[in-house]
Amino acid sequence: MRKTPWEKEWIILQKNEEKYGKKRKDGPTSLLLMRLERIIPKKLSGALDFAFLKAFRLIFEKGTWLIEKTYNRKKKETDFKVNTYASRLNESGRNVRVFRRKAKASKLFNIFISLLEGILMGVLGFAIPDIPVFVSMVLKSVYEVALSYGYSYDTDNEKVFVLKIIEVAMCDEEEFVEKDRELNAAIDHIASHGDIIGAINITKEDQIKGTSRSLVKEMIYTKFIQQFMIVGLFGGLFDPAYISRISTYAELKYRRRFLGKKLNEEKKY
């Protein structure tokens, strides 16, 4: 049978996910950086973990409105509704692909802003103070992707989903394969049942801790370098690489959730 535009998008998604998984083998943390482990103070890991925990808690409680000042949420929500209406009137490949294009549109801008921020903080030798800004950029990137596919981030359940995406995106290569498979299974459940709680059974606080650990494990080397003025520029240059990794992964997972729901709806008719 001839495939529908949504089914064709699903095939493209699977190819994109496979491509992303292969790229993870060449992640931004090099062997050279990992050799720094011998000289990194043990207290730094604890300090970074505390800083990430505090940043997530603070932003979730009081900072979301500030992040939303950097983009037009209402316009993104309206664009999604318009695109949905257009795709229902005419399920052409062009109208179906527009969701993917919109989700990717803000990625380059967020990477550019993160590059400027990382360079500035690196030159000044700020590593710990850089974390709230970095976390804000990460959440901004994921939030914009979510809105492009018609999903909010206001409830605790949706925040857990956002945090889970960030955690898995920052896992090392071996752990990524297993956790990505688990997240895909959870997303497929959500697409079928609309039940995040049943798919990802964890509290927001516990997920914040898991996400923070994942970030610390991956970023401890670059944040160590970033503490030193001038040479910290090298560490700061990794911020946009991490933003790119996370936002690309977020686009894939929200697209999977969106397309899964669409395909399930098609089966009912």
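**The largest nonpolar core**

Analyst: Happy to. The largest nonpolar core has 68 residues, and F56, L139, I166 and Y254 are the members that touch the most others. A nonpolar core here is a set of buried Ala, Val, Leu, Ile, Met, Phe, Trp, Tyr and Cys residues joined through side-chain atoms within 4.5 Å. Buried means under 20% relative accessible area, exposed means over 50%, and partly exposed lies in between, with a 1.4 Å probe and protein chains only. At least two residues of this core come from each of α1 (5-23), α3 (42-67), α5 (93-105), α7 (130-148), α8 (156-169), α9 (173-193), α11 (204-225) and α13 (238-268). Helices (H or I, at least four residues) and strands (E, at least two) are DSSP runs, numbered from the N terminus.

Before going further, a word on the source: this is a predicted model, in which local features need pLDDT of at least 70 and side-chain atom pairs count only at pLDDT 80 or more, while totals for chains, interfaces and linings use all residues. Residues are numbered from 1 along each chain as its sequence is written, and side-chain values use heavy atoms, with hydrogens and water left out.

As for the setting, the chain has 13 helices and zero strands. Of its 269 residues, 49% count as buried. Contact means heavy atoms within 4.5 Å. Among the contacts in the chain with a separation of 6 or more, 85% are between residues 24 or more positions apart.

Leaving aside neighbours within four places in sequence, L139 is in contact with F56, I59, F60, I67, V162 and I166. V138 sits in helix α7, and V138 counts as buried because its relative accessibility is 2%. Not counting residues up to four places away in sequence, V138 touches I166, I243 and I246. The C-alpha atoms of V138 and S247 are separated by 7.5 Å, although these residues are 109 residues apart along the chain.

α8 is mostly covered, with 12 of its 14 residues buried. Not counting residues up to four places away in sequence, N157 touches I196 and I197. The C-alpha atoms of N157 and D195, 38 residues apart along the chain, are separated by 9.3 Å.

α1 shows another pattern of burial. It has 19 residues and reaches 27 Å from its first C-alpha to its last, close to the 27 Å expected at 1.5 Å a residue. The buried residues of α1 are P5, W6, E9, W10, L13, E17 and Y20. They cover an arc of only 135 degrees around the axis, which puts them on the same side of α1; the arc is that of the directions from the helix axis to the C-beta atoms. An α-helix has 3.6 residues a turn, so residues three or four places apart point the same way. The face of α1 turned away from the buried side carries the exposed residues K15, K19 and K22.

α5 has 13 residues and reaches 18 Å from its first C-alpha to its last, close to the 18 Å expected at 1.5 Å a residue. α5 bends by about 30 degrees at F99, where the bend is the angle between axes fitted to the seven residues ending there and the seven starting there. N95, V96, V98, F99, R100 and A103 are the buried residues of α5.

Two of these, R100 and A103, are touched by E251, which also touches K104, V145 and Y149, not counting residues up to four places away in sequence. E251 is found in helix α13 and is buried, with a relative accessible area of 4%.

Finally, D180 lies in helix α9, and D180 counts as buried because its relative accessibility is 15%. Leaving aside neighbours within four places in sequence, D180 is in contact with V168, Y249 and K253. The side chains of D180 and Y249 are joined by a polar contact of 2.7 Å; a polar contact is a pair of N or O atoms within 3.5 Å, where within protein one must be able to donate a hydrogen and the other to accept it, and residues adjacent in sequence count only if both atoms are side-chain atoms.

Conventions. Expected span 1.5 Å × (residues − 1).
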